[in-house]
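Please read it with the model open beside you.

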Amino acid sequence: MSAPTAATPNPVGHDSRGPDSTDLVLAGPILRRVEARRVVLWLASTRPLRARIVLHPDGGGEIRPAGAADAAGRAQCRSLRAGDHLHYLLLDFALAAELPASRWIGYALELAPADDEAAPWLGWQDWAPDLCYPGRTLPGFVFAPRVAALLHGSCRKPHHDGGDGLVRVDRLLAELIARGATDAEPVPGPDGLPGWPSALVLTGDQIYADDVAGPMLGAIHALLDRLALPAERLEAAGETGVRDADALRRHPACYYRRETLLPRHKRNYALLEVLFGGVEKPVFTSASAHNHLITLAEVLAMYLLVWSPAPWRELRVAPPPGLSEEDAALWKKEQGLIEAFVADLPAVRRALAHVPVAMIFDDHDVTDDWNLSREWEEVAYGHPFSRRVIGNAIVAYAINQAWGNRPNAFDDALVEHLQRSLDAPGAQAHDDCIDALLRFEDWHYTWPTTPPLVVIDTRTRRWRSERTARRPSGLMDWESLTDLQQVLRGLPAVLLVSPAPIFGVKLIETIQRIFTWFGHPLMVDAENWMAHPGSAQAILNIFRHRRTPRNFVVLSGDVHYSFVYDVELRGRVRGPDIWQICSSGVRNEFPPRLLGVLDRLNRWMYSPRSPLNWFTRRRHMRVTPRRYEGAARGRRLLGGAGIGLVELDAEGVPWRIRELLADGATIAFEREEDFSRWA
């Protein structure tokens with residue numbers, strides 16, 4: 001593998017090497033769903049493939065697929081073709097026997113070209129020789145339907161300088177295997193190792209389509225040359241002269257100046273602000289979207305490059321000609337960050353192959369502040385260019401993430417829409433596919449674990465403000481919240497995945513409310529459950545419903561710091577016990593000094609006896625914060641890249657909550673009873 005280097009004489013995007021047999025698998029396999037009689041894997045390849053699998057549980061015996069088709073009569077191997085050298089496979093194996101629980105199960109996945117019946121079957125040693133952990137002869141997993149341990153996190157930005165939480169997942173799994181701890185029970189000892197995690201839940205921002213380093217964009221273009229995907233037509237770009245993807249590549253604004261390619265018309269300023277984040281965000285951070293991904297091929301390529309080392313092999317990337325001195329310096333700085341990111345990818349690919357991975361989108365998977373308000377939607381979807389940019393990210397999300405979350409939601413008609421879009425990007429079929437996905441209402445899903453893992457969509461079914469178009473929309477509308485209540489009805493406990501925390505940091509929410517009141521919600525990412533009265537009241541009523549689960553574990557991300565609150569609802573009868581657990585980011589971090597200031601101010605302004613508690617909308621709740629281990633006085637918000645680890649008892653109650661930081665530290669969160677408050 002050749003990482004991006006300025007010394008390479010080839011210009012960005014030039015790579016004469018075509019794919020060969022050593023590059024059969026571009027990304028994956030990623031283990032997606034595991035049920036008693038079902039295993040689902042996702043992968044991307046350079047050729048159309050056939051696949052077969054045999055499962056080998058520890059203790060002897062084999063488990064094979066039940067047959068060539070699943071119960072619905074569809075082939076177990078479903079595929080999409082993005083070009084001659086890029087194919088996607090969703091391998092949905094219905095099994096002939098039930099998987100044994102709490103036992104290591106190796107899987108022998110073999111692949112062969114679909115267009116060559118005489119070709120030999122190839123195992124993992126042939127197409128991913130570093131996929132297996134030491135001490136094991138096959139990749140594998142532990143089927144743990146009762147959730148005793150679970151990993152979760154959000155926000156993985158490739159050019160962040162601070163380590164990768166997914167690498168920490170890999171180190172954890174390697175240690176469990178080295179200890180022989182390949183079951184669901186915790187490992188005795190002072191280091192407090194958990195049992196094998198039931199799932200890795202990625203709660204948003206698996207990619208940053210709106211925040212791309214220059215060398216990463218160069219790698220995207222070099223990979224696209226190798227894969228030879230069809231060039232997308234971009235007539236909607238208007239007077240810029242960018243008529244297709246090739247013209248975009250040649251345009252002098254392609255690197256670090258993409259916001260200037262927006263069409264010129266009377267609402268151009270609004271498009272600039274909405275789509276490309278062209279304003280500073282003074283309280284939290286500043287938008288950096290000058291390399292915003294535009295074409296479908298660009299987004300597809302980025303997914304390959306953030307999940308696997310294979311596409312980087314011998315990929316030649318150099319700065320494009322014509323960079324300003326400032327941009328050339330930025331490229332050089334980002335180059336080192338991307339090289340560090342690439343070095344971590346073998347560990348990332350290995351981890352994703354060994355734990356069932358649940359995913360859900362947040363805004364950066366598409367674009368910053370996606371669907372934040374009714375005004376945002378009217379502007380962004382009202383112009384064909386911005387609609388296409390957003391739609392391309394959603395198409396890529398559907399293929400790379402959502403397909404494996406809930407395969408049954410992708411019926412033949414939807415898969416055909418996706419295929420036609422891939423066949424002719426920029427044609428009418430492409431826009432028809434985007435229209436279909438913008439109407440799609442099945443991004444949410446439930447996994448049949450104990451407790452059930454219920455993942456909600458807080459991005460596409462918004463409760464839009466009828467009073468003022470600029471006010472933030474509620475994160476879920478009335479209909480979707482009603483559907484959620486039906487899913488939760490009668491469950492004793494639940495793992496509820498909400499990308500944005502339901503119970504957040506009061507000071508930060510207050511700052512967001514102030515900016516919203518002045519008409520500038522975009523400046524502070526004013527997206528929280530309490531920002532919209534309707535959705536706030538509805539979600540609290542769900543918690544208070546007499547048939548609601550008694551134990552709620554709410555897993556969230558989004559905010560680039562980690563924290564834990566224990567919440568008790570107060571009313572005529574005692575409500576459920578709620579644990580709000582936020583882990584963010586996997587490879588990102590809130591500015592440390594600003595986080596410290598906000599953390600201390602929040603503790604001082606919203607102490608248990610503070611009268612300010614009476615002026616917030618979050619009432620009739622007893623909130624007990626948790627202090628993280630080793631925190632300075634007054635600190636509860638933990639910064640640093642990492643991954644969250646939650647361990648549950650048989651009732652679905654968290655008995656230990658920790659953050660596994662990318663630097664190797666393991667930080668526990670402990671209740672602070674003295675700081676409980678009725679809010």
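Predicted model: local features only at pLDDT ≥ 70, side-chain atom pairs only at ≥ 80, totals over all residues.

1. The largest core. The largest nonpolar core has 129 residues. Five of them touch the most other members: Tyr 88, Leu 200, Met 216, Phe 410 and Trp 443. Helix 6, residues 296-307, supplies the largest share of this core, with eleven residues. In soluble globular proteins, nonpolar side chains tend to be buried together.

2. Around Tyr 88. Which residues does Tyr 88 touch, leaving out those up to four places away in sequence? Among them are Trp 42, Leu 43 and Ala 44, as well as Arg 78, Ser 79, Leu 80 and Ala 82. Leu 300 is also on the list, and so are Ile 399, Asn 400 and Trp 403.

3. A second core. There is a separate core of 33 residues. Its members include Val 454, Ile 542, Cys 582 and Leu 595.

4. The pairing of strands 3 and 6. How many bridges join strand 3 to strand 6? There are nine, and the two strands run antiparallel. Strand 6 covers residues 104-113.

5. Cis peptide bonds. Most residues other than glycine have a negative phi, and most peptide bonds are trans. Two bonds deserve a look against that background. The bond from Gly 28 to Pro 29 is cis, with omega near 5°. Pro 29 sits in strand 1, residues 25-35. Ser 584 and Gly 585 are also joined by a cis bond, with omega about 5°. Gly 585 belongs to strand 17, residues 584-587.

6. Positive phi. Ala 228 has a phi near 55°, a positive value in a residue other than glycine. Where is Ala 228 found? It is in the loop between helix 3 (214-227) and helix 4 (245-250). Ala 228 has 47% relative accessibility, so it counts as partly exposed. Asp 558 is not a glycine either, yet its phi is positive, about 80°. Asp 558 is in the loop between strand 14 (551-556) and strand 15 (563-569).

Note on methods. Residues numbered from 1 in each chain as written. Heavy atoms only, no water. Core = buried A, V, L, I, M, F, W, Y, C linked by side-chain atoms within 4.5 Å. Buried < 20%, exposed > 50% of the residue type's maximum accessible area, 1.4 Å probe, protein only. Helix = DSSP H or I, 4+ residues; strand = E, 2+ residues; numbered from the N terminus. Contact = heavy atoms within 4.5 Å. Pairing = 2+ DSSP bridges.
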